[in-house]
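Me: I would like to go through this structure with you, asking at each step what a term rests on.

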Amino acid sequence: MGRIYLTTPIYYVNDVPHVGHAFTTINTDAVARWHRLLGDEVHFLTGTDEHGLKVQRSAEELGRTPIEHADITSARFGEAWELLNISNDDFIRTTEPRHHDSVQALMQRIYDNGHIYLDTYEGTYCVSCEAYYSDDDLIDGDHCPVHKRPVEHMVEENYFFRLSAFEQPLLDWFAAFPDNVTPEGYRNEALGLLRQGLDDLSISRTSIDWGVPLPWDDAHVFYVWYDALINYATAVGFGADPERFAHWWPHTHHLMAKDIIRFHIIYWPAMLLAAGIEPLPTYHVHGYLLLGGEKMSKTGLNNVSPADMVDAFGVDGFRYALLRDNSFGPDSDFSYEALLARYNTDLANTFGNLLQRVTTIVQKSCGGVGPKPQEASPLRALAETAYEETAAAWERVQPAQALDATWRLVRDTNEYLQEHEPWKLEPGKELDAIMGDALEVLRIVAILGSPAIPAGAVEAWRRLGLEGSPLDQRLPAAAGWGQYRGGLDVVKGDPLFPRLKG
RNA sequence: GGCGACGUAGCUCAGCUGGUAAGAGCGCUCGACUCAUAAUCGAGAGGUCGAGAGUUCAAGUCUCUCCGUCGCUACCA
């Protein structure tokens with residue numbers, strides 16, 4: 001049995017939850033659910049990032065205090081994750097007292113270790129980016145290259161983090177841990193950033209007060225990014241509960257999109273090293289969802305809400321199609337049409353239909369009582385292979401590959417039925433053997449597929465007449481062939497995943 | 001400009017350190033079946049693995065050049 005601490009990024013509250021956030025969160029959730037099946041001790045964290053000038057100004061524009069604004073917008077993420085059946089163990093908000101305490105404790109350690117110094121910073125600043133730009137970066141003289149909005153001139157006394165001192169230690173980390181970042185392409189990107197050299201970072205602001213004050217100088221607050229990153233430590237008790245922190249921290253896995261590689265894989269590990277915290281986290285980076293389909297390209301990713309997808313495909317349908325169709329790593333095309341095709345093919349036709357035909361035949365020919373499988377079933381080896389490949393893929397944080405491996409077993413079982421035509425058989429040993437095999441596959445698939453389709457797996461489990469829940473099974477034992485013991489009341493129901501029209 | 005990724009059947013993509021792998025799923029055509037959600041199963045068509053050159057006994061698989069697409073270069077998953 002292992003232990004794993006999984007995190008999504010904390011999402012910036014000025015954003016509205018969209019399918020990009022959902023992609024990261026659903027992937028993390030599925031991995032968390034897989035590890036729970038393995039019997040691993042799992043802590044799954046998500047949350048919201050709530051400080052910074054952008055939030056402060058948005059709040060002002062809306063006539064709210066920053067915390068009122070953050071309360072409202074943070075809740076939208078919580079609601080979205082609830083809707084998507086996300087099984088996070090904790091939801092952190094950077095405005096919580098526990099986080100302020102943790103940030104101050106961690107930064108104080110870095111300060112005490114001599115890695116922070118005071119200096120003056122003068123430059124052009126984009127409020128939307130909350131970042132300084134050099135003149136070269138600007139377009140049209142004074143416009144932010146990202147937001148195309150005018151930048152502002154700022155002069156600040158800032159505290160700086162001596163990031164430059166950690167270039168070599170970070171390179172050493174990469175050398176020592178070949179799997180610290182997956183997939184490999186992103187590992188190389190991070191290494192590339194490192195090799196370009198590291199400059200010290202401005203980490204505090206005096207221009208705003210919506211943030212965490214520096215413990216040694218309360219005229220400053222931490223720049224939102226540096227406070228935000230620390231959430232991962234806060235949530236497992238940094239500064240408050242050393243025992244708990246020691247329990248989880250060595251097992252930290254951060255999942256995230258490629259855009260925040262620099263902050264997460266360069267700055268954050270450097271901060272940890274500066275604070276004397278090791279080992280460093282493991283990272284799993286994915287690409288962007290690119291809008292392809294007609295229905296979505298018109299609106300843009302930001303306007304595709306998880307709720308819309310759930311309306312279209314159901315919670316499990318959306319989860320499954322998203323995980324299966326967009327591999328974790330490269331950018332991938334995302335479209336309503338592709339999700340629809342995936343849903344119909346894999347959930348309606350392949351899995352849902354198999355469940356339906358099996359339960360129907362058991363009703364008609366076996367008196368509604370599910371027989372047990374054959375010990376030497378032809379499906380046995382296929383099921384064992386499916387488990388091994390499924391498990392290996394989840395271990396690599398490759399949900400699409402994992403589901404592909406699981407679903408291959410479902411396809412094999414449809415083929416098996418076709419070959420033996422149980423609908424032509426009279427009640428008896430031969431029929432029982434075939435139907436028992438099919439029921440056993442469904443039992444296994446309900447478990448292996450549950451990280452993607454938790455609700456559907458539970459319902460399938462119930463229809464098979466099984467006790468308990470597929471979510472409470474323990475792998476790898478539960479995937480072993482022959483555990484559908486037979487004599488169970490099999491229930492037929494409405495199609496679990498109804499076929500959808502475009 | 002710098003750094004990087006990618007370009008394999010109509011579509012989405014697998015193909016690790018080079019050697020019977022040119023593959024999967026979808027789509028399409030034909031056929032079978034009828035338990036099942038117009039679902040299922042089988043067969044087939046379809047690719048000179050972006051172009052060119054090179055290394056090698058052997059190259060989607062390594063090197064170089066070119067063409068094309070895209071990303072990052074302190075906002076967003």
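Me: Where in the chain does valine 397 lie?

Reply: Valine 397 lies in the loop between H14 and helix H15 (399-420), where helices (H or I, at least four residues) and strands (E, at least two) are DSSP runs numbered from the N terminus. Valine 397 has a positive phi of about 60° although it is not a glycine. This is a predicted model, in which local features need pLDDT of at least 70 and side-chain atom pairs count only at pLDDT 80 or more, while totals for chains, interfaces and linings use all residues. Residues are numbered from 1 along each chain as its sequence is written, and side-chain values use heavy atoms, with hydrogens and water left out.

Me: What makes arginine 93 and glutamate 50 a salt bridge?

Reply: The rule asks for a side-chain nitrogen of Lys or Arg within 4 Å of a carboxyl oxygen of Asp or Glu; the side chains of arginine 93 and glutamate 50 meet at 2.6 Å, N to O, and therefore the pair qualifies. Arginine 93 is in strand E3 (residues 90-93) and glutamate 50 in the loop between strand E2 (41-49) and helix H2 (53-61), so that the pair links distant parts of the chain, 43 residues apart. By this rule the count comes to 18 salt bridges, yet between domain 1 and domain 2 the count is zero.

Me: What is the size of the area that domain 1 and domain 2 bury between them?

Reply: Domain 1 (3-304) and domain 2 (345-489) divide chain A, with bounds that come from an automatic or database domain assignment. Buried area is the accessible area (1.4 Å probe) that two parts lose on being put together, summed over both, and here it is about 1300 Å², 68% of it on carbon and sulfur atoms. Arg33, Trp34 and Leu37 supply 50% of the area that domain 1 buries against domain 2, more than any other three residues. Counting contact as heavy atoms within 4.5 Å, 14 residues of domain 1 are in contact with 19 residues of domain 2.

Me: Which domains supply the lining of the second largest pocket?

Reply: At least three residues come from each of domain 1 and domain 2. The lining divides into five nonpolar, five polar and three charged residues, where Ala, Val, Leu, Ile, Met, Phe, Trp, Tyr, Cys and Pro count as nonpolar, Asp, Glu, Lys and Arg as charged, and the others, Gly among them, as polar. On a 1 Å grid over the protein atoms alone, a pocket is an open set of points where a 1.4 Å probe fits, with protein on both sides within 12 Å along at least five of seven lines, and lining residues have an atom within 4 Å of a point.

Terms used: Chains are lettered from A and ligands numbered from 1 in the order in which they are written.
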